[in-house]
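I opened my notebook to go through this fold piece by piece.

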Amino acid sequence: MAAVSKVGIVGSGAAGLTAAILLADAGVDVEVLEKESGPSPLGSGITLQGNALRIFRQLGIWEEIATKGFAFSELGLRAPDPAGTVLSVVDDVRTGGADLPATLGMYRPDLADALRRRAADAGARISYGRRVKGVEQDGGSVTVITDDGERLPYDLLIGADGLHSAVRAAIGITTEPEPTGMGIWRAFVERPADVVRTDLTYGGPCYIAGYCPTGQNSMYAYLVEDAQDRRVEDGPQIMAGLAAAYGGPWKEIRTSLDHSARINYTRFTTHLVDGPWNRGRAVIIGDAAHSCPPTIAQGVALAVEDAAVLADLLTSRGELDDSLWAAFTERRLERARIVIQGSVQLGQWMLDGQIRDADVPGVIATVAAAVSQPA
């Protein structure tokens, strides 16, 4: 018998829907509260490492997303020269196991759609337009107060509501994401035929120029610079100007960087709630609990691992007690810390002008070793 019978989950991203699926599969009554009015059809590409794919296989959606995405198991490093000289191509670590690729690139809305349909099939409900105003607890239950005054009682509340988590604030956790000093342009564009893996270029006008194939005809390209005030409408001109310094596939990518490209700009952040992620019967997971620069592309993987570990504990134990929360902290906190430290270290080397191409595989290998074993 599960430790809880009715769970509220705030946020319908990868972490929230993963938890919803696994709990609903176990017979738990699950409601997902989403502040947006409905599913968003917009988005860019996403890079999923093997340990994320392992969770998606557990959910039963691996075959579907594999057909929609682009799988690869190598990482390329290029020089910041007009030719885009390939410095090395290394085998990427298969953190999900030998029977899964190291990486899958895909269109983010396709992943979200697969998770939503799987959650519905499991019996979870998604309630849109529900904003959290407050959280109250009485020891035996937790109540969400929405912005329209409705009170929704649950046995457990899971805050999977992202960087600026309303649940995190409502339960009194004061840790907040902090900027790292970098910003990233992303563009979802047509894939050149020679883009068959992620290639990274360190140096030139950007800290990183990289790309990831997301399908037979699509990819996303990204350029990392000093964080600054940017207008998305200026993105095509800015990205094309920055990309002009890079060779190889960038020459063709640059021609796609016009106003038809889906371009966005975000700033890197980092934070880690250093201690238990719960307060009573409310807990935060995913970006609500931790964030890191996407320099190692582990953000989604960490988030869905959080959800899977929490669901495992909730469905394998008969009581929601201190020992369950201690086990959750033991399985998640240090693993998250290693990934965050590695991601931040790479970024800091770049900011300090000390990054070397030889440093990158070593940091990636350290993080990969930490996440290769099931969470």
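**Entry 1: the mixed sheet.** In what order do the 6 strands of the open sheet with mixed pairing run? I am working from a predicted model. I read the order as β8-β2-β1-β12-β19-β18. Next I looked up the edges. They are held by β8 (125-128) and β18 (278-279). Each has a single partner strand, so one side of each lacks a neighbour in the sheet.

I then went inside the sheet, to β12 and β19. Strand β12 covers residues 156-159 and strand β19 covers residues 282-284. The two run parallel, joined by 3 bridges. For a landmark I noted G159, which stands opposite I284 in β19.

**Entry 2: the antiparallel sheet.** I turned to another open sheet, made of 3 strands in the order β9-β10-β11. Its pairing is antiparallel. Here β9 (132-137) and β11 (151-154) are the edge strands. Each of them has a single partner, so one side of each is left without a neighbour in the sheet.

Strand β10 (residues 142-146) is tied to β11 by 4 bridges, and the two run antiparallel. My landmark here is T143, opposite P153 in β11.

**Entry 3: two helices.** How do α1 and α8 cross? I found helix α1 at residues 14-25 and helix α8 at residues 299-316. Their axes come within 8 Å and cross at roughly 25°. The cut-off for roughly parallel is under 35 degrees, so α1 counts as roughly parallel to α8. The crossing is right-handed.

I listed the contact residues next. From α1 come A14, A15, T18, A19, L22 and L23. They meet V300, A303, V304, A307, A308, A311, L314 and T315 in α8. By class, I have 12 nonpolar and 2 polar residues in this contact, with no charged ones.

**Entry 4: aromatic rings.** How many aromatic pairs does a search of the whole structure find? It finds 7. I picked out W185 and Y265, whose ring centres are 4.7 Å apart. Their planes stand at 50°, so I logged the pair as tilted.

Technical notes: Residues numbered from 1 in each chain as written. Predicted model: local features only at pLDDT ≥ 70, side-chain atom pairs only at ≥ 80, totals over all residues. Heavy atoms only, no water. Pairing = 2+ DSSP bridges. Axes fitted to C-alpha atoms, helices over the stretch in contact; angles between N-to-C directions. Parallel < 35°, antiparallel > 145°, perpendicular 65-115°, else oblique. Left-handed = near helix turned anticlockwise from the far one by under 90°. Contact = heavy atoms within 4.5 Å. Nonpolar A, V, L, I, M, F, W, Y, C, P; charged D, E, K, R; others polar. Phe/Tyr/Trp six-rings, centres within 6.5 Å; stacked < 30°, edge-to-face > 60°.
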